[in-house]
Amino acid sequence: MYAWNKIRTSAPGNLMVMGEHAVLHGQWALGAAVDKRIHLELQPRADRQVIIHSALAEYHSDLDQLEDHPNLSFVLKVITLMQPQSGFELTIVSEFSHTVGLGSSAAVTVALVAALMAWHAGHASLDRRILLATAHETVLAVQGRGSGTDLATSVHGGLIAYRMAQREVIPLPGLWPIALVYAGYKTPTPVVIRHIAAAAEANTALYDSLYQLMGDCAEQAMAALEVSDLPGFARCLNMQHGLLDALGVCDASLADIVYRLRGMDGVLAAKISGSGLGDCILALGRVEPDLLPYEVIDVAMSDRGVEIEFVAC
């Protein structure tokens with residue numbers, strides 16, 4: 001049937017470095033790919049059956065009448081939107097837990113879109129703009145809102161600047177030492193976004209000013225990175241955390257983590273990474289895990305984006 005037997009793809013986890021929330025209002029955001037990945041293996045079938053193996057679910061359905069599954073919403077939406085030509089067996093393996101803020105939904109979406117695009121095209125040289133657009137359409141179809149920063153980061157790898165208009169991506173230099181500290185809980189991003197939207201109704205102009213300041217801060221961070229000004233970049237990270245606090249997404253646990261980290265030798269900056277009200281704090285520099293009563297997630301920035309491989313028969 002094909003000159004190959006399977007398609008293997010992988011995409012990196014990712015984290016928000018700067019621009020959370022403001023990116024939804026037209027400002028720049030910064031994202032970084034990390035060295036933990038999600039791996040997919042797709043094997044076409046001669047029938048119309050879709051079989052999925054993953055840690056989140058074992059799934060079997062008919063391609064023409066896909067049954068819903070709460071743990072596979074992004075995967076099933078990709079399949080629905082892209083309409084593969086036959087059934088297939090899909091195995092999903094993750095190097096990190098979906099419970100921490102490393103963009104598992106974005107990574108698996110990008111990896112599956114890449115696999116189905118490669119299957120349709122018959123080669124691995126894919127247009128990354130189309131890949132990103134398709135992945136973004138999937139996320140919007142599932143959750144109604146999302147900037148696409150996490151998707152762009154998983155597609156391109158490395159450290160990037162991203163703006164929602166035209167899904168604009170600018171690669172940024174440097175793979176800096178980082179760590180993530182997990183608060184032990186997370187609030188779903190759509191819930192946090194709704195919380196902010198409700199609060200903003202009382203003073204739209206003030207919130208718009210906050211988003212503008214966050215955008216200005218992101219642009220200064222981009223300029224600092226272009227000249228390898230790490231102290232300048234660190235100042236921007238700390239300022240951005242203050243703006244997120246003003247936005248109302250820094251709770252007591254996140255504040256405790258930030259100030260513990262800022263008092264630690266080797267840490268240049270600490271801020272919320274992601275939507276806030278739980279999840280992770282990003283530290284720029286070297287963290288001593290034994291000095292914190294929280295889980296430290298050992299990650300590093302990675303320049304590897306989505307990768308595709310055809311496995312010959």
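Let me start with the contact between helix 2 and helix 3, where Thr109, Val110, Val113, Ala114 and Met117 on the helix 2 side meet Ile130, Leu131, Thr134, Ala135 and Thr138 on the helix 3 side. Sorted by class, the residues of this contact of helix 2 with helix 3 comprise seven nonpolar and three polar ones, with no charged residues. Please keep in mind throughout that what we are looking at is a predicted model.

Two packed helices are described by the angle between their axes and by the distance between those axes. For helix 2, which covers residues 104-121, and helix 3, which covers residues 128-143, the angle is about 125 degrees and the axes are 9 Å apart. Since angles over 145 degrees would count as roughly antiparallel and those from 65 to 115 as roughly perpendicular, helix 2 is therefore oblique to helix 3. The crossing of these two helices, helix 2 and helix 3, is right-handed.

Now to the other partner of helix 2. Helix 1, residues 73-82, packs against helix 2 at an angle of about 30 degrees, with the axes 9 Å apart, and because angles under 35 degrees count as roughly parallel, helix 1 and helix 2 are roughly parallel to each other. Helix 1 also passes helix 2 in a right-handed crossing. In this contact helix 1 supplies Phe74, Val75, Val78, Ile79 and Met82, while helix 2 supplies Ser105, Val108, Thr109, Leu112, Val113, Leu116 and Met117. By class, the contact of helix 1 with helix 2 has 10 nonpolar residues, two polar and no charged.

Which residues have the most contacts inside the largest nonpolar core? They are Val17, Leu30, Ile52 and Phe233, in a core of 84 residues, and helix 2 gives the most to this core, with 13 residues. If we set aside neighbours within four places in sequence, Val17 is in contact with Leu30, Gly31, Ala32, Leu159, Phe233, Leu237, Lys271 and Leu282. Apart from this core lies another one, of 30 residues, among them Ala179, Tyr207, Ile257 and Ile272.

Let me finish with Ile178, which lies in strand 8, residues 178-182. Is Ile178 buried or exposed? Its relative accessible area is 7%, and because buried means under 20%, Ile178 is buried. Not counting residues up to four places away in sequence, Ile178 touches Leu15, Leu282, Ala283, Leu284, Gly285, Val299, Ala300 and Met301. Finally, Ile178 and Val267 are 89 residues apart in sequence, and their C-alpha atoms are 8.9 Å apart in space.

Notes. Residues numbered from 1 in each chain as written. Predicted model: local features only at pLDDT ≥ 70, side-chain atom pairs only at ≥ 80, totals over all residues. Heavy atoms only, no water. Axes fitted to C-alpha atoms, helices over the stretch in contact; angles between N-to-C directions. Helix = DSSP H or I, 4+ residues; strand = E, 2+ residues; numbered from the N terminus. Left-handed = near helix turned anticlockwise from the far one by under 90°. Contact = heavy atoms within 4.5 Å. Nonpolar A, V, L, I, M, F, W, Y, C, P; charged D, E, K, R; others polar. Core = buried A, V, L, I, M, F, W, Y, C linked by side-chain atoms within 4.5 Å. Buried < 20%, exposed > 50% of the residue type's maximum accessible area, 1.4 Å probe, protein only.
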